[in-house]
Amino acid sequence: MNNNASQLNSFPMVFIHGSFANAKSWRRIVDFIKNTNTCVTVDLPGHGGQQDPNDFDNPSLHPEFDTISSNITDHPECEKGIHLIGHSYGGVVALAAAMNLDIPVKKLTLFEPVDVRVLPVFAQTTAYEEVVQFVEEYRLAVKNNEKHACSRVIDFWGGPGSYAAIPKFIQDTMEPMTPNNIRHWDICKSEAPVLEDYQKINFPVHLVHGSCSNPIAKLISISLNENIPKSDLTVIQGASHFMITTHVEKCVEILLSIEG
């Protein structure tokens with residue numbers, strides 16, 4: 001793969017991971033571009049050794065925004081703007097952060113954002129009801145102390161068998177993060193911006209989903225692409241939800257192809 005600096009985005013790249021993950025999720029992608037582009041990988045609250053947020057009773061995205069802001073403060077080159085990149089729940093955070101004027105987002109790339117909040121906004125009520133039913137069953141499983149209840153989330157987005165394919169030592173680190181994942185679902189069912197807010201986004205947005213992904217994940221990306229003016233959409237053939245680890249070179253190719 002050609003790592004020509006002229007292909008790279010002119011803004012520092014800031015990477016946001018998903019639920020049950022941490023900043024190391026981006027390690028293989030960052031390895032391709034770190035020598036020619038500023039790369040900042042962020043551990044969200046409650047992940048990668050970071051303290052849990054203190055808002056479980058009334059969660060919001062403010063702890064995530066604060067974490068992003070504190071990370072980019074350490075990199076003066078981010079002051080003029082960043083290319084914010086998110087995967088899964090990290091895509092939810094990145095999209096919301098891009099609408100936050102305190103974070104200097106100039107470009108946004110979302111690898112399969114699971115922002116189910118947008119489904120009612122875009123009149124996708126059937127899909128939203130399916131998500132609501134899934135979350136209710138998942139919450140009940142957690143309440144009943146079902147072992148590896150988090151596998152339900154991994155298999156919902158990644159397809160049956162996705163959790164089983166994860167090495168046991170990684171599974172063991174994921175289960176304690178279940179309360180944080182429940183918090184993420186609470187945030188994702190919270191009040192979303194209105195349609196006009198998406199239509200007012202005035203910087204480039206690149207959306208990515210896999211050809212083998214959950215239909216709801218695809219629908220979220222497609223709906224965002226249809227309602228954000230300066231957006232485009234790439235489908236990674238053969239990929240499912242965890243494309244940033246299974247299709248690393250294709251993800252890098254997408255990032256490098258986005259003009260600065």
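## Aromatic cluster and nonpolar cores

One aromatic cluster is formed by Phe-134, Tyr-138, Phe-156, Trp-157 and Trp-185. The model is a predicted one, and the values below are computed from it. In total, the structure holds eight aromatic pairs. Two of them involve Trp-157 and are set out here.

| Aromatic pair | Geometry | Centre to centre | Angle between planes |
|---|---|---|---|
| Phe-156 and Trp-157 | edge-to-face | 4.8 Å | 75 degrees |
| Trp-157 and Trp-185 | stacked | 6.2 Å | 10 degrees |

The pair of Trp-157 and Trp-185 links distant parts of the chain, since Trp-157 belongs to helix H6 and Trp-185 to helix H8, 28 residues apart. Residues count as buried when their relative accessible area is under 20%. Phe-156, at 14% relative accessibility, is therefore buried. Trp-157 has a relative accessible area of 4% and so is buried, and Trp-185, with 8%, is likewise buried.

Leaving aside residues up to four places away in sequence, Trp-157 touches Val-114, Val-116, Trp-185, Asn-214, Ile-216, Ala-217, Ser-240 and His-241.

**The nonpolar cores**

The largest nonpolar core comprises 61 residues, and the members that touch the most others are Leu-84, Leu-108, Trp-157, Trp-185 and Leu-224. The greatest contribution to this core comes from helix H3 (residues 89-98), which supplies eight residues. Another core, of 19 residues, lies apart from it and includes Ile-236, Ile-244, Val-248 and Leu-256.

**Helix H5**

Phe-134 and Tyr-138, two members of the aromatic cluster, are also among the buried residues of helix H5.

Which residues of H5 are buried? They are Ala-127, Val-131, Phe-134, Val-135, Tyr-138 and Ala-141. Because these residues cover an arc of only 120 degrees around the axis, they fall on the same side of H5. The face turned away from that buried side carries the exposed residues Thr-126, Glu-129, Glu-136 and Lys-143.

The buried residues of H5 pack against four helices: H4 (118-121), H6 (151-158), H8 (178-188) and H10 (215-227). Two of these partners, H6 and H8, hold Trp-157 and Trp-185 respectively. After H5 comes Asn-145, which has a positive phi, near 60 degrees.

How values were computed:
Residues are numbered from 1 along each chain as its sequence is written. This is a predicted model: local features need pLDDT of at least 70, side-chain atom pairs count only at pLDDT 80 or more; totals for chains, interfaces and linings use all residues. Side-chain values use heavy atoms; hydrogens and water are left out. A nonpolar core is a set of buried Ala, Val, Leu, Ile, Met, Phe, Trp, Tyr and Cys residues joined through side-chain atoms within 4.5 Å. Buried means under 20% relative accessible area, exposed over 50%, partly exposed in between (1.4 Å probe, protein chains only). Helices (H or I, at least four residues) and strands (E, at least two) are DSSP runs, numbered from the N terminus. Contact means heavy atoms within 4.5 Å. The arc is that of the directions from the helix axis to the C-beta atoms. Rings of Phe, Tyr and Trp (its six-membered ring) pair if their centres lie within 6.5 Å; planes under 30 degrees apart count as stacked, over 60 as edge-to-face and the rest as tilted.
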